[in-house]
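Here are some notes on the strand pairing, for reading alongside the model. Please check each point against the coordinates.

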Amino acid sequence: MRMIFVNLPTTDLSRSMAFWKALGFSHNPDYSDDTAACIVISESIYVMVLTEPKFQGFIDGEIAPRDVTEVLTCMSCDSKEEVLDLKAKALANGGSAWRDDMDYGAMYGASFRDPDGHVWELMWMDMSAQGGG
């Protein structure tokens, strides 16, 4: 099984862990300490939230400024309702609005910035309407 680990810097590890917990995700204590938290998105996708000094140790150069969007991380959802629910939880727990929701009938998306400014998109697609299911 292939796995994905999204590594992100944070200015406040406790705040970041509380944010992801409020969205309904757990963390794996085996890969967490006072400098990092392993957030479990699924059995094959994890978000590694690292304090800025810890993150800096993994890169050459500087951490991107907060007002720059370097990547859009898109997470699939099982329904339009789940998209709306996760976005609402994100906004209620320290996240901020990013762009308007996208409604294409058989596809619905929303987005937010987490408390550290990282952009997350949420997307539901009716695969049967696309001929994929």
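1. Asp 103 stands opposite Tyr 108 in β8. The strand that pairs with β8 here is β7 (residues 102-103), antiparallel and over two bridges; two strands count as paired if DSSP finds at least two bridges between them. Strands are DSSP runs of E with at least two residues, and helices runs of H or I with at least four, numbered from the N terminus. Three residues lie between β7 and β8 in their hairpin, where Gly 105 takes a positive phi near 80°.

2. This is a predicted model: local features need pLDDT of at least 70, side-chain atom pairs count only at pLDDT 80 or more, and totals for chains, interfaces and linings use all residues. Residues are numbered from 1 along each chain as its sequence is written, and side-chain values use heavy atoms, with hydrogens and water left out.

3. Tyr 108 also has a bridge partner in β9, Trp 124. Strands β8 and β9 (residues 119-125) run antiparallel and are joined by seven bridges. Their hairpin has five residues between the strands, and Gly 117 in the turn has a positive phi of about 90°.

4. Strand β6 (residues 96-97) pairs antiparallel with β8 over two bridges, and Ser 96 stands opposite Arg 113. Of the seven residues of β8 (107-113), six are buried (under 20% relative accessible area, 1.4 Å probe, protein chains only).

5. Elsewhere, four strands form an open sheet of mixed pairing in the order β1-β4-β3-β2. Its edge strands, each pairing on one side only, are β1 (4-10) and β2 (26-33).

6. Strand β2 runs antiparallel to β3 (residues 36-42), with four bridges between them. Asp 33 stands opposite Ala 36 in β3.

Terms used:
Buried means under 20% relative accessible area, exposed over 50%, partly exposed in between (1.4 Å probe, protein chains only).
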